Amino acid sequence: MYRKGYIVFYSCNKGEIVTRSRKFEIEKGQYFYVGSCGRSCSDRISRHMRKCKNKFWHVDYLTDLCTPLGSLILPMEEREIVKMFKGLRVIHRFGNSDDRESEGHLFLGGMKDIIILVLEKVSIK
């Protein structure tokens, strides 16, 4: 099955995100998370936008400290999207348990700049 990737943008306060197994220090600023979805991208992204949910994935804990701003669904695999952001500041080991090739799937970066970068790098047919 072809899986699409997505980006969810957040505005975060300074603090600590504590998951079941790790702690992550977050500075105040704009962040974005890269994930994957099959047929139910809207369900997956809606979950990331909700404050109240059962916490299972690392990204579920973001809404404790962050406000979702918006999202993009891309016709690319999650790993391809992550590679576009090589060199950007990444939160080490956040959300990449199924992708050991990357350092993480949560990046520090403003929504406008990231959208422009995506548009420059992705040719949507």
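Close-up 1. Arg 47 is buried, with a relative accessible area of 17%, where buried means under 20% relative accessible area, exposed means over 50%, and partly exposed lies in between, for a 1.4 Å probe and protein chains only. The model is a predicted one, in which local features need pLDDT of at least 70 and side-chain atom pairs count only at pLDDT 80 or more, while totals for chains, interfaces and linings use all residues. Residues are numbered from 1 along each chain as its sequence is written, and side-chain values use heavy atoms, with hydrogens and water left out. Arg 47 has its place in helix H1; helices (H or I, at least four residues) and strands (E, at least two) are DSSP runs, numbered from the N terminus. Not counting residues up to four places away in sequence, Arg 47 touches Lys 53, Asn 54, Phe 56, Trp 57 and Asp 60, a contact being heavy atoms within 4.5 Å.

**Close-up 2. The salt bridge between Asp 60 and Arg 47.** The side chains of Asp 60 and Arg 47 meet in a salt bridge, at 2.8 Å from N to O. Asp 60 lies in the loop between helix H1 (41–49) and strand E5 (66–74), whereas Arg 47 lies in helix H1, so the pair ties together parts that are 13 residues apart in sequence. The term salt bridge stands for a side-chain nitrogen of Lys or Arg within 4 Å of a carboxyl oxygen of Asp or Glu. Side chains of opposite charge can pair when their charged atoms come close. Asp 60 is buried, its relative accessible area being 0%, and Arg 47 is buried too, at 17%.

Close-up 3. The structure holds 3 salt bridges. In one of them, Glu 27 joins Arg 89, and the closest N and O atoms are 3.0 Å apart. This pair links distant parts of the chain, 62 residues apart, with Glu 27 in the loop between strand E3 (23–26) and strand E4 (29–37) and Arg 89 in the loop between helix H2 (78–84) and strand E6 (106–108). Glu 27 counts as partly exposed at 40% relative accessibility, and Arg 89 counts as partly exposed at 42%. Asp 64 forms a salt bridge with Lys 55, where the closest N and O atoms are 2.7 Å apart. Asp 64 is partly exposed, with a relative accessible area of 46%, and Lys 55 is partly exposed, with 33%.

**Close-up 4. Strand E4 and its pairing partners.** Strand E4 is mostly covered, as 7 of its 9 residues are buried. Strand E1 (residues 4–12) and E4 pair in the antiparallel sense over 9 bridges, and two strands are said to pair if DSSP finds at least two bridges between them. Within this pairing, Ser 11 stands opposite Gln 30 in E4. E4 and E6 also pair in the antiparallel sense, over 3 bridges, and the bridge partner of Phe 32 in E6 is Phe 107. Gly 29 is found in strand E4, and, leaving aside its neighbours within four places in sequence, Gly 29 is in contact with Tyr 10, Ser 11 and Cys 12. Gly 29 and Asn 13 are 16 residues apart in sequence, yet 6.7 Å apart in space, C-alpha to C-alpha.

Close-up 5. Thr 19 has its place in the loop between strand E2 (15–18) and E3, where Thr 19 is buried, with a relative accessible area of 10%. Not counting residues up to four places away in sequence, Thr 19 touches Phe 24, His 58 and Tyr 61. Arg 93 has its place in the loop between H2 and E6, and at 34% relative accessibility Arg 93 counts as partly exposed. Arg 93 has a positive phi of about 70°, although Arg 93 is not a glycine. Most residues other than glycine have a negative phi.
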